[in-house]
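Let's take a walk through this one together. Have the sequence and the 3D view open as you read.

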Amino acid sequence: MAKYITKRILVTIPVLLGMILLIFFMLNVVPGDPVTVMMKEHLKEDVVANLRRSMHLDDPFFIRYLRYVWDAIRGDLGVSWKLSRPVTGLIATAFPYTLKLALSAALFSWIMGIPVGIVSAVRKNSLIDHLSMGLSLFGVSMPVFWVALILQNTFKGTLPVSGVQTWKGYILPTIVLGWSSAGRIARLTRSNLLEVLREDYIRTARSKGLSRLKVITRHALKNALIPVITVMAIQISSLLSGAVITESVFSIPGVGSLAVSAIKNRDMPLLQGTVIFTAVLIIAGNLVADVLYSIIDPRIRVE
Amino acid sequence: MDNILEIKNLITSFASDGRKERAIAVNGVDLAIPRGKTVGLVGESGCGKSVTSLSVTGLLAENGRVESGEALFQGRDLLRLSEKELRAIRGNDISMIFQEPMTSLNPVIPVGVQVAEAARLHEGLDKATAKARTVEIMRKVGIPEPERRYGQYPHQLSGGLRQRVMIAMGMLLKPDLLIADEPTTALDVSIEAQILRLMRDLQRENGTAILMITHNLGVVAEICDEVYVMYAGEVVERADVFTLFKSCAHPYTRGLMGALPRMTPKGQRLYNIRGTVPNLWAMPVGCRFAPRCEFAAERCHGEKPPLLDLGGGHLCRCFAPRGLEDEHHG
């Protein structure tokens with residue numbers, strides 16, 4: 001097991017390097033000179049030249065890339081051009097907000113999605129099935145900003161619609177962010193469970209005289225939930241990174257808001273830092289999903 | 001005769017997408033299984049042999065429904081029992097073995113736990129006792145190192161071992177009736193012989209009756225005492241195993257016999273029954289086999305033959321039954 005995990009972690013190293021290279025390259029070809037951004041119009045030729053040299057902007061692309069990677073390994077993602085503060089520190093301050101929002105959204109989507117999916121499968125084609133699948137589809141298909149605005153409008157006065165000064169501030173963003181995940185999980189749970197219930201081993205379980213409830217809980221659920229759990233692990237990382245719109249709409253000072261302000265200000269180090277940070281989270285999420293999968297599914301377990 | 005199970009006039013139908021009428025998969029089957037004996041139920045795939053057994057145990061798929069009939073087991077009609085009453089019988093008095101041992105075992109539960117499950121459920125055994133009993137039966141069905149195998153998962157076992165696990169599961173509680181649905185079809189021939197021998201040994205030891213559902217006449221010859229041949233949802237012939245192989249009377253049975261590969265002179269072609277099984281929605285009015293029968297007369301196409309007694313319990317659904325020795329195929 002430890003060997004398997006080590007192997008999976010080692011595999012992520014080239015992925016990380018390639019990913020940083022790609023981001024680094026893309027942000028390099030984007031027009032706009034950092035010095036101009038920083039200094040606005042107050043420029044003197046020699047000041048610009050000095051600044052460029054001190055920021056190593058005249059070095060060849062690959063040297064700059066290697067230097068960035070080397071710094072990043074040591075936790076230094078550069079300094080924000082706009083805010084003149086270390087990017088690592090800015091992300092560290094913002095991340096707890098994003099984490100809280102993502103975790104509560106994930107929790108919401110599991111608590112809603114899995115039971116709803118199970119009930120829908122067991123009571124297939126009933127009113128409750130159609131109703132919950134409709135709501136799920138709604139959550140999956142409606143744009144986040146629209147749902148956010150509707151909820152803000154509906155609950156203004158009862159719940160905070162902006163900022164997270166108290167925990168109540170997280171309620172609406174959690175629903176907005178978690179709804180589509182909940183819908184996806186509910187639909188996946190339902191379809192997996194329905195599929196599993198048609199399997200031969202379910203008939204075997206029934207032939208032993210087990211009750212319907214036991215057939216579902218002991219024999220069907222584990223098989224049906226294996227793919228769902230994988231999706232859940234991947235979803236956490238996408239919730240962590242996909243909160244950009246939700247954070248903006250609800251004015252939550254998380255990593256998403258940080259990225260948005262970086263884009264607005266052409267703050268390349270900050271943007272680069274947030275994008276790479278998010279990508280690392282996604283890679284980590286996939287890693288966790290893989291490991292989880294191998295723990296739950298004995299067929300994948302390596303001896 | 002003392003029968004452990006008596007099925008009378010069983011009719012089972014299936015709903016099908018896009019059709020208003022239900023398809024009749026089993027059409028008035030009568031079948032009796034004497035206590036402690038092995039009865040074969042033979043026929044092509046889709047002839048209704050599995051549906052017959054699933055109807056009796058209440059395990060039909062969602063779209064299936066028993067329309068009428070009786071299935072007397074220990075004086076009770078299984079078809080009239082509630083789901084709860086049936087559950088008390090399933091896995092306890094009647095157990096089942098299915099065809100594909102890979103898909104019939106739960107891939108994420110250790111095989112030993114799956115075997116022990118019925119014992120814990122029906123006899124209320126605690127975990128340790130159930131495990132001891134499971135290890136014992138696993139050893140008995142010829143699973144080497146049963147203690148180690150107990151905690152293994154189906155994918156870690158070979159096909160033969162998996163089927164032994166299924167048999168251990170079926171035999172654990174010494175049922176009165178074991179329904180084996182093509183138990184050896186997925187196995188190679190040498191394993192098949194071992195499995196059949198094992199089933200016969202366990203049968204002798206526990207007095208279990210077996211309903212052996214198969215399309216393989218070799219299996220029938222190996223293990224069965226009596227045989228029912230089904231065609232298109234109906235029993236077309238019933239005989240004890242010796243009579244069947246010596247002088248089967250129905251043209252369909254004779255076709256099956258003729259289709260068995262034998263040691264024949266070189267160049268002689270293997271016999272095959274022409275045509276295909278009739279569509280469930282377009283059953284022939286008369287004898288259901290008539291369109292494929294080489295002896296069919298005009299009467300056969302318009303009138304349905306009854307199940308005639310040819311003497312000694314040899315039943316045959318044909319207007320003109322004849323012995324196999326009368327003619328030679330090919």
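Predicted model: local features only at pLDDT ≥ 70, side-chain atom pairs only at ≥ 80, totals over all residues.

Start with chain A, which splits into domain 1 (2-73) and domain 2 (88-296). Their C-alpha centres sit 33 Å apart, yet the two do touch: 17 residues of domain 1 of chain A are in contact with 16 residues of domain 2 of chain A. Together they bury about 1,400 Å², and carbon and sulfur atoms give 76% of that. On the domain 1 side, Arg8(A), Leu27(A) and Tyr68(A) lose the most area to domain 2, together 32% of what that side buries.

Now zoom in on Arg8(A). Its side chain meets that of Asp290(A) in a salt bridge, at 2.5 Å from N to O, and one salt bridge is what the rule finds across this interface. As for helix H1 (residues 2-29) of chain A, it supplies twelve residues, the largest share of the domain 1 side that touches domain 2.

Over in chain B, look for an open sheet of eight strands with mixed pairing, in the order S6-S7-S8-S3-S9-S10-S12-S11. Strands S6 (94-97) and S11 (308-309) of chain B each have a single partner strand, so one side of each lacks a neighbour in the sheet. Further in, S10 (residues 234-240) and S12 (residues 315-316) of chain B pair antiparallel over two bridges, with Leu315(B) as the bridge partner of Arg238(B).

Helices lie across this sheet too. Helix H7 (residues 189-206) of chain B lies across S3, S6, S7 and S8, running at about 160° to S8(B). Helix H10 (residues 251-258) of chain B lies across S3, S9 and S10, at about 105° to S9(B).

Conventions. Residues numbered from 1 in each chain as written. Chains lettered and ligands numbered in written order. Heavy atoms only, no water. Pairing = 2+ DSSP bridges. Helix = DSSP H or I, 4+ residues; strand = E, 2+ residues; numbered from the N terminus. Contact = heavy atoms within 4.5 Å. Axes fitted to C-alpha atoms, helices over the stretch in contact; angles between N-to-C directions. Domains from an automatic or database assignment. Buried area = accessible area lost by both parts, 1.4 Å probe. Salt bridge = Lys/Arg side-chain N within 4 Å of Asp/Glu carboxyl O.
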